[in-house]
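Hi there,

Here is the structure I promised to pass on to you. Have a look at it first, and then read on for my notes.

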Amino acid sequence: MTNYSVFNTANKPIYVQQTNTYVSPAIESMPDLSAASAGRLFTLTTGNVSAGGGANLLLQVVNPAASSRTLYLSQIIGGSTAAASLIVYNGGILTGGTTPVPVNNNFGSSVTSAVTTQQVTGTVTGSPVTLMNIPLTAGAYNIQLRGSVIIPPGRSVTISIGPGSLTGSINLTWWEV
């Protein structure tokens, strides 16, 4: 575009040079789309889980120290039947529970996630660092992170909903590079 002036003339107050035309289209998308196409976008869900009074619904994703991948959190979606706090922790220790399996969002891909997982109702122990603390009302929530939270090898993220007598769900989506 060296032959175009960036300055407008008096009879054309706004400079326009169409660069995304029907003849020469351009597409812009979030990194999730590319990660899904490459078989590197994963989702982990708790399902709908009841947490008793004083307990939290907890979901943890650990990127092992020996991993060659880095995780980029995309979004946290879910819901709660009662008012609660959604807390995202850097680290933390969970005791007991189950180990849900992450699902590859590209159903045709055989790539598996590098992470280990844990889901439990209870409390977080250890010395977790609070990254986010968001009050929730009863109903659905959707937190878009778009890769702004990065989990390198040897680190973990723990998501908590509670405390209280509620039924809640946590669905965490991330991509791995």
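**Notes on the model**

Pro100 is buried, with a relative accessible area of 17%; buried stands for under 20% relative accessible area, exposed for over 50% and partly exposed for the range in between, using a 1.4 Å probe and protein chains only. Before I go on, please keep in mind that this is a predicted model, in which local features need pLDDT of at least 70 and side-chain atom pairs count only at pLDDT 80 or more, while totals for chains, interfaces and linings use all residues. Residues are numbered from 1 along each chain as its sequence is written, and side-chain values use heavy atoms, with hydrogens and water left out.

Back to Pro100, then. This proline sits in the loop between β5 and β6 (103-104). Apart from neighbours within four places in sequence, Pro100 is in contact with Leu44, Thr45, Leu59, Thr117, Gln118 and Gln119, where contact means heavy atoms within 4.5 Å. Leu59 is 41 residues away from Pro100 along the chain, and their C-alpha atoms are separated by 9.2 Å.

**The chain as a whole**

The protein chain has 1 helix and 11 strands. These are DSSP runs numbered from the N terminus: H or I over at least four residues for helices, E over at least two for strands. Read from the N terminus, the order is α-β-β-β-β-β-β-β-β-β-β-β. Of the 177 residues in the protein chain, 40% are buried. Taking contacts between residues at least 6 apart in sequence, 86% join residues at least 24 apart.

**The open sheet**

An open sheet is formed by 5 strands in the order β7-β3-β10-β5-β8, with antiparallel pairing. Two strands count as paired if DSSP finds at least two bridges between them. At the edges are β7 (116-122) and β8 (129-136), each of which pairs on one side only. On average, neighbouring strands of this sheet are turned by 15° against each other, direction ignored; the axes are lines fitted to C-alpha atoms, with angles from 0 to 180 degrees between N-to-C directions.

Strand β5 (residues 84-90) pairs with β8 in the antiparallel sense over 7 bridges. On β8, Ile134 is the bridge partner of Leu86, and Asn133 is the bridge partner of Ile87. β5 is also joined to strand β10 (residues 155-162) by 6 bridges, again antiparallel; there, Tyr89 has Thr158 as its bridge partner.

**Side-chain pairs**

There are 2 aromatic pairs in the structure; the rings of Phe, Tyr and Trp (its six-membered ring) pair if their centres lie within 6.5 Å, and planes under 30 degrees apart count as stacked, over 60 as edge-to-face and the rest as tilted. One of them is the stacked pair of Tyr72 and Trp175, at 5.7 Å centre to centre and 15° between the planes. Because Tyr72 lies in strand β4 (residues 71-80) and Trp175 in strand β11 (residues 166-176), this pair ties together parts that are 103 residues apart in sequence. Tyr72 is partly exposed at 23% relative accessibility, whereas Trp175 is buried at 9%.

The salt bridge count comes to 1, with a side-chain nitrogen of Lys or Arg required within 4 Å of a carboxyl oxygen of Asp or Glu. Which side chains form it? Those of Arg69 and Glu176 do, at 2.6 Å from N to O. Arg69 lies in the loop between β3 (56-63) and β4, and Glu176 in strand β11, so the pair ties together parts that are 107 residues apart in sequence. Arg69 is buried at 16% relative accessibility, and Glu176 is buried with a relative accessible area of 1%.

**A few residues to look at**

Asp32, in helix α1 (residues 31-37), is buried yet has no salt bridge; Arg146, the nearest side chain of opposite charge, is 6.7 Å away. For charge, Lys and Arg count as positive and Asp and Glu as negative, with His and the chain ends not counted. Beyond residues up to four places away in sequence, Asp32 touches Leu41, Ser74 and Trp175.

Arg146 belongs to strand β9 (residues 139-151) and has a positive phi of about 50° although it is not a glycine. Finally, Gly162 and Pro163 are joined by a cis peptide bond, with omega about -10°; Pro163 is in the loop between β10 and β11.

Best wishes
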